[in-house]
Amino acid sequence: MENKEAKVSNRKFMTMDGNEAVAHVAYRVNEVIAIYPITPSSNMGEWADQWASEGVKNIWGTVPTVAEMQSEGGAAGAVHGSLQTGALSTTFTASQGLLLMIPNMYKIAGELTSAVFHVSARTVATHALSIFGDHSDVMAVRGTGWAMLASASVQEAMDFAIIAQAATLESRIPFLHFFDGFRTSHEEAKIEVLAERDLRAMIDDNLVAAHRARALTPDRPLLRGTAQNPDVFFQARETCNRFYLVCPDIAQRAMDHFAKLTGRSYRLFEYHGAPDAERVIVLMASGCEPAHETVDYLNQRGDKVGVLKVRLYRPFDMKRFDEALPATAKAVGVLDRTKEPGSSGEPLYLDCVNALCEQGRGNIKIVGGRYGLSSKEFTPAMIKAVFDNLGQAKPKNHFTVGINDDVTHTSLPYDAEFSVESEKVTRAVFYGLGADGTVGANKNSIKIIGESTRNYAQGYYVYDSKKSGSMTVSHLRFGPDPIRSTYLVNKANFVACHQPVFLERYDMLKDVVPGGVFLLNTPYGPDEVWSHLPRRMQRQIVDKKLRVYVIDAVKVARESGMGGRINTVMQTCFFAISGVLPRESAVEEIKKSIRKTYGKKGEEIVQMNLKAVDSTLSHLFEVKISGGKDGGFELPPAVSREAPEFVRDVLGEIIAGRGDELPVSKLPCDGTFPTGSAAWEKRNIALDIPVWDPVTCIQCAKCVMVCPHATIRAKVYEPALLAKAPATFKSIDARDREWKGMKFTIQVAAEDCTGCGLCVDVCPAKNKTQTKLKAINMAPQAPLREAERVNWSFFLSIPDFDRRKLKVNSIPQQQLEQPLFEFSGACAGCGETPYIKLASQLFGDRMVVANATGCTSIYGGNLPTTPWAKNADGRGPAWSNSLFEDNAEFGFGYRLSIDKQKEFAAELVKKLAPQLGDELVQGLLAAAQKDESGIYEQRQRVAALKAKLQNVNTPESRQLLTIADMLVRKSVWIMGGDGWAYDIGFGGLDHVLASGRDVNALVLDTEVYSNTGGQMSKSTPRGAVAKFAAGGKPGLKKDLGLIAMSYGNVYVASVAMGARDEHTLRAFLEAESYEGPSLIIAYSHCIAHGINMTTAMQNQKAAVNSGQWLLYRYDPRRTARGENPLQLDSRPPKQKVGEYLLMENRFKMLTKSHPDHAKLLFKMAQEDTETRFRFYEYLAARKLTPEKPAEPTPPAANA
Amino acid sequence: MDLTTTYLGMKLRNPLVMSASQVLSGELDNVRRAEDAGAAAVVLYSLFEEQLRMEARELDYHMTAGTESFAESLTYFPEPSEFCLGPEEYLKHIQKAKKAVKIPVIASLNGASLGGWTDFAKKIEQAGANALELNIYNIPANLNLSGAEVEKAYLDILKAVKSAVRIPVAVKLGARFSSIANMAKRLDDAGANGLVLFNRFYQPDVDLDALEVTPNILLSTPQAMRLPLRWIAILHGRIKADLAATSGIHTGEDVIKMLMVGANVTMLCSALLKNGVGHLHTVEQEMRNWMEKHEYESVSQMRGSMSQIQCADPTAFERAQYIRAVTTYKVS
């Protein structure tokens, strides 16, 4: 982009991210917006929805209609329909979402329909899911016939959004406008915001009228969407050619028109660099920006290089490509941000090869390579490596850059120290915790600097893979010129550590430049902090001559009433030290910003933030560096040296933040990982942990049951085992009569606990002399850590209780079963994980899990570790995630496969009966496997079978050996959230439930899309505020259980552990034992509800007590016995729904945002619960009086 | 028959005022019904000091908890461009109530410490409230806090509010002072336009199953009116501030007793919660019946007629009365 100053520009400069920049335009030039949330595009839809709810109008003066759909397929269908009937329509999506739109995209293009889809390009899941950015999604739709326009920066994202709209209206070719997910969609940058008059000037209303004139209407009836035959389809398909031929000209005209309006000039293929460059790289989207700055840097040092930025990728205008490439070019390197295994090259490379060939420039050396998959860093150092490669006599082709491929040796070497960072740019890195507000404060700082100075500003934020105790790293740049550095800050002149716990985990000073500044939040003052730093950090400070500042931000924040949110304090420190703004005006700007940001939340919030600002400077101290080597400590290894090799050498490196340095050879080739790895992570994120009081304890095990992270456990064992117990290990006589003479212990995994406190809240036992104390009480973790580490280790060495001897329907006994889902990275106090853990305890050793994408798949399978674990026998849940939309079908496939193999195994057993013996054969084939003993015995038989098979060397025996384990019952679990079960995956779930097959579907119902940030689902209850329901959801929650019951042969349970834990347990046991489809809908409190997570089980109780959530079980086996299959386990509501609703911000905030509407919806919610309760009462009370009770029969397939 | 009275400088059609209660005045319909049933004024439900301070914090906490932590869910709620927080909602409620009824609307602020009140009192005035009832609800549990300091806090709060507003201010206080009369006089001197006697503190209870302390909210019984009755009788004619009687007033006769000992108005809450807002009509009718039967012409005629100053036996309201009660008590 060449920035020629527009003649008149009184447009506003604002800081915003790419998503907002795009939404700003897309919203204003469309009338219908159909969306479905998917990272990283969700925010565009959310902006559109918010503006619509606030009545913001488009350029024609009307408020666009925003509709949330059930899937991206649905969104594309809705947009297609809307376009066909004449409205200007759009959607926003990415990755798998875009792939779900492909069928409609072919249609929309085939019908020559003007439309723009805005895509924050994201990796398509292959060996693993990734939410981050590359071009694998947009490249997957390049055959649809859509024009593809790539923007490289936040400013371009806004500009190209309108250019695309103008071009599609004129060309009738639909445009896919894309930009890099996260790198552009989430980068905050100072940009010039297009004014409404610019948008108005870019859109020709005659073309809009023409679009409408092509619409379907009964007033001018037309038929579109015919079926055609071999005689004419081909010819008809060629009719569109002329539109594609002129499309590039139209797009360039739109760019030229835009340039006249704004001064920003773009070309379809835009060359930047030496006019006589010999080496040129070609690429598109955000990678163009660092290429641009690297080219400038290298040319200033005498090189002759250039970059050709591809803006319009489809239709690919070979003539313009040829014209843009300097005549002097001798070597061209084409970089693709995607991978097409098995191809002769990646798509952009192949297009360029072809273009050069067709344009008669086949003599130019051209090579292609891959970079930046899944937002892998793409830096000037890597770009220089590409230029260096082009300078070789025989440049490497089909290379990779940015990784170390030590297997197929594709990678280019690069000098990681190479940097083109300008001294004029301030570069700062902030290490914070999600909960401390660091990112919010930095976003605020960007706005302050961007909007109150002439400086340009850039902010990019790196988040953790965990949802609890998660670290955030903010990368900020400020400078006098537009910032093109679309990569992380690796030459920082300011580094801030907002949480002292990071000192022992991360090397935060590796990227700070000599003479830079280090700001540390610490309880230690300037004279004592030195000895509390890691020795490596001490050396770095001395060697790099860093200036070090300390502040006890926690103290300042607490005294200001801000609790643990130290954001304002640390922000003030940054401004005070960095000198980006004069100190006094910086303080004034922060205060102004506080009033602006928090004003609507009340004066109280404003005042406490202002107080924090005022208190900060007097608590900020510079540390005098003596250079002494006193004190300090060595950093512990990321994982224990006792961990398995793979965990230590691979996962441990990822945990330590060195995943980028792992070579290809270290990673599994097919995305397969060992389970049981979370146990090695020892995150030590809890400030307080539960401490057991054996005397007060009644051994009910409720604490064990609710623990979302499986960090509090019970064991019963022989007293003799205590002989080797550590000194502080606690035990007491077991109370259960059946365990007479045995010992009982509750033990906490102090280093794995998140400190959520749910266990303490549910503990029913109170200390008789101090009722404020329970049988478990929270206490600071740090002083207990060492002793409890030893105790935990000893506790694990105690053998687990024999599962066959436990009463699994009694919580105190059942909870002795080992959880095979432990230490997940879910939010502290998560409401979903206790259910998953329960299933893993009950059935984990024979369980195979299909997991829908969402929170469950993230805390279940996001690297570096997994909470899914194994027992002492090496058995445990096997887990996989296919997609979001297909999970039920995926799990159904498990069942079909397992059943088939079991059937085949049985057939082989029968065939081999003479060699195996009748007793074994009969035992294997007739095994009931109804309980733990039955399964144990069958395993014994299978072991005996395998032993015998070793001596029978026939094709059948060898076959049978590979599938003999299938003779032991396998428990298939299909897990996911309500977004999957109620919306995108409902069709599949419905079909699988109807199949009659033995699968167990567990719906962790948070009543909202939790993982993508709180969008409304069809499970969202009436009156709840969610994204896309800012005014409170007006409609009723879908009754999924009732729909499932309609089949008659589906076991259905609706449970809420916090309300009745024994009911939950019973439902899980019944569901799993039912040899047909089962559906458990489990009420799961969630951080997205806006609740106190420590006492969240009380919310579950209130939901049930008010009738908002019903407890019931529908068991088809009862029908067979002549009983009503439905048992309504909820008692009549004894609490007003309104009382419950006001316990949760999702409802309560409606009373603050739309008070009158809240009253109406709350009243309706009360009526809803009363009506539903009466209805279920009626259903449960029906008398089934068949003349002759039917014999129990196994469920038959309905399909 | 003239039932009119005056309270806080306002002429009221009768001495029946609906007392502050979320249940009663939280709904605008109830305010309208109260007017229809004969209420001469309504005291709106109290806006609590904690509400002013904590509501914003709670909202801020829940809007930010868990945000900016995980790349896919950087926020969990849509952020409205404005919030109608408790205080603002209360101001709107005042405005709506003023539009809905013709009778005076008295706002109520409930708190225990100094700070932040004055600004809000001013906003209440601007919202159109005819008067303000300052409900000072203080449980001085601090062992080092002297009675004098507690009393001073009451006066400081009153003075701060009085300096901020021009509308009349009544103070609703509890009966637990070493010298209620002195306290009343000092509040009177500090500018209180009225005293509302007395606040009923919700007393804690113990839940033996849960081993928890639970608030036990009981409706007042007619016996509760004896306490305000005594002190209104004692204070009548001795201080300038108007006197409002509250606690245990359930019937027309209860109202008449309070008027006779010197109350300007009586405030009803429990009776209305129990019988509905329409009960005001019954109470007024009972008053009229009694007055007619006993040939009273007006409220002003009877007001203070049985106060300590005016009654035949002034000691009856003091200790002597206690001695007599004990000596005449017989075990049955």
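**Exercise 1. Work out why helix α16 of chain A counts as largely enclosed.**

Step 1: start with burial, where a residue is buried if 20 or more other C-beta atoms lie within 10 Å of its own, with C-beta atoms placed from the backbone. Step 2: 13 of the 15 residues of α16(A) are buried, so the rest of the structure largely encloses this helix. Step 3: check its span, with the expected value being 1.5 Å times one less than the number of residues. α16(A), residues 438-452, reaches 21 Å from first C-alpha to last, close to the expected 21 Å.

Keep in mind that this is a predicted model, where local features need pLDDT of at least 70, side-chain atom pairs count only at pLDDT 80 or more, and totals for chains, interfaces and linings use all residues. Residues are numbered from 1 along each chain as its sequence is written, while chains are lettered from A and ligands numbered from 1 in the order in which they are written.

**Exercise 2. Find which strands stand at the edges of the open sheet in chain A.**

Step 1: write down the order, β11-β13-β12-β15-β16-β17, with mixed pairing; strands (E, at least two residues) and helices (H or I, at least four) are DSSP runs numbered from the N terminus, and two strands pair if DSSP finds at least two bridges between them. Step 2: β11 (269-273) and β17 (399-401) of chain A each have a single partner strand, so one side of each lacks a neighbour in the sheet. Step 3: take β11(A), which pairs with β13(A) in the antiparallel sense over 5 bridges. There, A:H272 has A:V307 as its bridge partner.

Methods. Buried ≥ 20, exposed ≤ 12 C-beta atoms within 10 Å, placed from the backbone.
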